[in-house]
Amino acid sequence: MGCAGVVLAGGAATRMGGGDKPLVTAGGTTLLARLLARLAGEDMALAINARGDAARFGAYGLPVLPDGIEGAGPLAGVLAAMDWAAGLECAWVLTVPGDTPFVPRGLAAALAPGPSVAVSGGRRHHLVALWPVAARGALRARLEAIGPGAPRAAFGVRAFAETIGVREVVFSDQPFDPFLNVNTPEDLVVARRIAEGEDGR
């Protein structure tokens, strides 16, 4: 398939008291480590997209990609992922938020053929997606045309995804939602419960 994978770790953890959500622990290991373990079984190069000092992710031994366009929200991370995958001569790039530690194994294969986005429990997970690297020119042009200082809604992921004909791939949300996004302290409690259940098997 010629696919690379990028964990999007750039979101600000405002509802978690600040810091990097992917580096929060659940079941004795970080959310990021759990996510990478699930992605590691697929035959693809992996990287992390994050703003700020890359050294804080040094323990994971992966390339850390900065946003190519500042202030463009999550789509800046998607563009950085596409640019990196293009350098590897990959046709596709999988993106996954770094605070989504329980994604299904074999996710890229399950989402193929792209462009596609994961859906569970009736909810579309806009950044759990398989993107065509060939769309990077269109994405860069879109972000540059919007320009800095534009309202956040202007950088919507779904709006761009619709322009490239993304399709939905539905996943079961039982026994738990595999795309649980750890955004709040309450979400972290749930994640820790799931992690303890998995580790106890």
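Leu 8 is in contact (heavy atoms within 4.5 Å) with Asn 49, Gly 77, Val 78, Thr 95, Val 96, Pro 97, Gly 98 and Leu 127, leaving aside its neighbours within four places in sequence. This is a predicted model, where local features need pLDDT of at least 70 and side-chain atom pairs count only at pLDDT 80 or more, while totals for chains, interfaces and linings use all residues. Residues are numbered from 1 along each chain as its sequence is written, and side-chain values use heavy atoms, with hydrogens and water left out.

**The annotated site**

- An unreviewed UniProt entry puts "binding site" on Leu 8, Ala 9, Gly 10, Lys 21, Asn 49, Asp 67 and Asp 99; positions follow the numbering used here, feature names are shortened, and annotations may be inferred rather than shown by experiment.
- Leu 8 sits in strand 1 (residues 3–8); strands (E, at least two residues) and helices (H or I, at least four) are DSSP runs, numbered from the N terminus.
- With a relative accessible area of 10%, Leu 8 is buried (buried is under 20%, exposed over 50%, partly exposed in between, using a 1.4 Å probe and protein chains only).
- Asp 67 is found in the loop between strand 5 (64–65) and helix 2 (74–87), and is buried too, at 11%.
- Beyond four places in sequence, Asp 67 touches Asn 49, Arg 51, Ala 76 and Gly 77.
- The Asp 67 side chain also makes a polar contact with the side chain of Asn 49, at 3.0 Å (a pair of N or O atoms within 3.5 Å; within protein, one must be able to donate a hydrogen and the other to accept it, and residues adjacent in sequence count only if both atoms are side-chain atoms).

**Strand 4 and its partners**

- Strand 4 (residues 46–49) is covered on both faces: Leu 46 and Ile 48 are buried on one side, Ala 47 and Asn 49 on the other.
- Strands 1 and 4 run parallel, joined by four bridges, with Val 6 opposite Ala 47.
- Strands 4 and 5 are parallel as well, with two bridges; Ile 48 has Val 64 as its bridge partner.

- Seven strands make an open, mixed sheet in the order 5-4-1-6-8-7-9 (strands pair if DSSP finds at least two bridges between them).
- Strand 5 and strand 9 (167–171) are the edges, each with a single partner strand, so one side of each has no neighbour in the sheet.
- Strand 6 (residues 92–97) and strand 8 (residues 123–132) pair antiparallel over four bridges, and Val 93 is partnered with Trp 131.
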